[in-house]
Structure formats: C-alpha cells, structure tokens
Amino acid sequence: MENLLQRTSLIQRAYWLIGLRWVAIGMLAGATFVAGEFLGISLAAARLYGIAGLLLVYNFVLYILLRYWTWAGQEPSAGKVGGILTFQISADLLILATILHFSGGIENPFLFFFVFHMIIASILRPRWQSYLQATLAVILFGGLVLLEAGRVLPHYRLTGFAGHGLHADRTFVLGFLFVFTVTLYLVVYMTTSISEQLRAHQEELENANERLQEKDQVKNEYVLRVTHDIKRHLAAI
C-alpha cells in the first residue's frame with residue numbers, strides 16, 4: 001500500500017478506510033457468534049447482528065459513492081473527499097459507542113478500539129480535526145457510561161465474562177473516564193506529531209531528489225557539449 005502520509009491521494013485513503021471497515025464488520029459478527037455459542041457470554045446478539053448488517057449496507061453505499069465519483073478516471077475535489085473521510089470517522093465513533101452500549105458498556109474491553117480510531121484520524125486528517133474527533137469520542141463514550149450509571153439508559157450485562165456493578169460505581173466510572181480522556185488526547189498528540197515529522201522529512205527528501213535530478217540534467221548537457229566538441233576537433237584533425 002502506498003504511503004498514507006503524502007503520496008496517497010485522499011480518495012485512496014477513503015478506500016483504505018472502507019477496507020478496514022469490511023474487516024471490522026467481520027470481526028463484530030464473528031466475535032458475537034463465538035462469544036455466544038462457544039464462550040457462554042450473554043450478549044444482545046440480535047441487536048449486534050443488526051448493527052453488523054447496517055454497517056454492511058452503510059459501507060457498501062460509501063464504496064459505490066466513491067466508485068461513482070472516480071468513474072472514468074475522475075478525481076473529486078479534495079474538500080468533497082475530505083468531508084467523506086471526516087464523516088466516516090465520526091460515524092464510526094458513533095457506531096462503536098452503540099456497539100459498546102449493547103455489549104457491556106464500560107465493562108467491555110473493546111472500548112480500547114477508540115484509541116485505534118484516534119490513530120486513524122490522526123494519520124488521515126489534520127491535527128485540529130483529530131482533536132475534534134477525540135472530543136467527539138469522549139462525549140459519546142462518556143455520555144454513554146454516565147447515562148448508564150444514572151440508569152437513564154439500560155445496561156446490557158456481559159454475563160459470563162465481566163463482573164457486574166462496575167457501570168454503577170460512580171467513583172470507578174469517573175476515574176475511568178478521566179484516564180480514557182487523557183489517553184485519547186495523548187494518542188492524538190503523539191500520532192499527529194510523528195505524522196507531521198514524517199511529512200516534513202518526506203518533503204525534504206523529495207526536494208533533495210528534485211535538486212539531484214536538476215544537477216543530473218546539467219551534467220548530461222555538459223557531457224553532450226564536451227562530446228560534441230571532441231567529435232568536432234577529431235573531425236578537423
């Protein structure tokens with residue numbers, strides 16, 4: 001796969017994100033099946049399979065849309081594709097929060113997938129958008145666990161896997177949310193810093209390569225002139 005930092009176009013990044021989502025859909029359906037059928041973990045399986053089905057349709061629609069935009073070699077505007085990338089990342093955060101709601105909430109270890117989404121956002125989008133995505137993740141997940149703790153939303157237990165009652169322990173919930181928030185913002189800061197350094201280094205290498213090509217062109221022209229002069233002198237002799 002081409003470099004996602006500089007050489008890869010926005011449309012290729014959008015296709016890359018869609019490809020990752022196909023994997024996520026398979027993982028969601030597979031994990032739900034294995035947990036319920038082999039591990040004896042109680043899940044809201046019907047709802048989770050329904051979310052997987054909706055994700056399948058949603059991802060297919062995005063794929064068709066991108067294919068339409070790039071039909072016959074067309075290149076959509078950077079603003080249009082960038083908007084689709086931002087929409088995909090934001091929608092994925094909402095979908096992940098919904099999946100967690102129906103599979104244990106704060107008791108589900110898959111909540112760390114929010115970190116994975118922050119890394120993707122930091123690679124694909126500008127720094128300020130990455131921080132906005134981190135803020136959205138904190139609002140979605142924080143709102144979910146706080147509403148479950150306050151019994152505004154029902155809590156779907158992971159019977160057979162996690163201990164019960166953590167979602168209602170406000171000290172644990174607030175402490176966990178603090179660590180969760182700090183972690184997301186630190187991940188965005190570190191990933192965007194590394195990405196920007198790599199972009200700057202790549203630009204330096206590309207500029208150096210252009211200068212070398214220019215010098216090589218000058219050298220070729222000099223050799224041609226010298227060769228021509230030598231031939232002319234030899235012909236005179």
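**Exercise 1.** In which crossing, left-handed or right-handed, does H4 pass H5? Work out also how the two helices are oriented, and which residues touch.

*Solution.* Keep in mind as you work that this is a predicted model.

Step 1. Start with the crossing: H4 passes H5 in a right-handed way.

Step 2. Now take the angle and the distance. H4 and H5 pack at about 160°, and their axes are 9 Å apart. Angles over 145 degrees count as roughly antiparallel, so H4 is roughly antiparallel to H5.

Step 3. Find the touching residues. H4 brings Phe114, Met118, Ala121 and Ser122, while H5 brings Ser130, Gln133, Ala134, Ala137 and Phe141.

Step 4. Sort them by class. The contact of H4 with H5 has six nonpolar residues, three polar ones and no charged ones.

**Exercise 2.** At what angle do H3 and H5 pack, and how far apart are their axes? Describe the contact too.

*Solution.* Step 1. Locate the helices: H3 covers residues 78-101 and H5 covers residues 127-149.

Step 2. Their packing angle is about 20°, with the axes 10 Å apart. Angles under 35 degrees count as roughly parallel, so H3 is roughly parallel to H5.

Step 3. The crossing of H3 past H5 is right-handed.

Step 4. Look for the partners. Among the residues that meet are Leu93, Leu94 and Ala97 in H3, and Leu136, Leu140 and Leu144 in H5. The residues of this contact of H3 with H5 include ten nonpolar, five polar and one charged.

**Exercise 3.** How do the axes of H1 and H2 cross, and how close do they come?

*Solution.* Step 1. The axes of H1 and H2 cross at roughly 160° and come within 10 Å. That makes H1 roughly antiparallel to H2.

Step 2. H1 passes H2 in a left-handed crossing.

Step 3. Count by class: 21 nonpolar, two polar and two charged residues make up the contact of H1 with H2.

**Exercise 4.** What is the volume of the largest pocket, and which helix gives the most to its lining?

*Solution.* Step 1. The largest pocket has a volume of about 750 Å³.

Step 2. Of the 31 residues that line the largest pocket, Leu28, Leu96, Ile99, Phe110 and Phe113 are the closest to its centre.

Step 3. Go through the helices. At least two lining residues each come from H1 (10-37), H2 (45-69), H3 and H4 (113-124). H1 gives the most, with eleven residues.

Step 4. Finish with the classes: the lining of the largest pocket divides into 25 nonpolar, four polar and two charged residues.

Terms used
Residues are numbered from 1 along each chain as its sequence is written. This is a predicted model: local features need pLDDT of at least 70, side-chain atom pairs count only at pLDDT 80 or more; totals for chains, interfaces and linings use all residues. Side-chain values use heavy atoms; hydrogens and water are left out. Axes are lines fitted to C-alpha atoms, for helices over the stretch in contact, and angles run from 0 to 180 degrees between N-to-C directions. Helices (H or I, at least four residues) and strands (E, at least two) are DSSP runs, numbered from the N terminus. Angles under 35 degrees count as roughly parallel, over 145 as roughly antiparallel, 65 to 115 as roughly perpendicular and the rest as oblique. A crossing is left-handed if the near helix is turned anticlockwise from the far one by less than a right angle, and right-handed if clockwise. Contact means heavy atoms within 4.5 Å. Ala, Val, Leu, Ile, Met, Phe, Trp, Tyr, Cys and Pro count as nonpolar, Asp, Glu, Lys and Arg as charged, and the others, Gly among them, as polar. On a 1 Å grid over the protein atoms alone, a cavity is a set of points where a 1.4 Å probe fits but cannot get out, and a pocket is an open set with protein on both sides within 12 Å along at least five of seven lines; lining residues have an atom within 4 Å of a point. Grid points are joined across faces, edges and corners, and a volume is the space filled by probe spheres set on the points.
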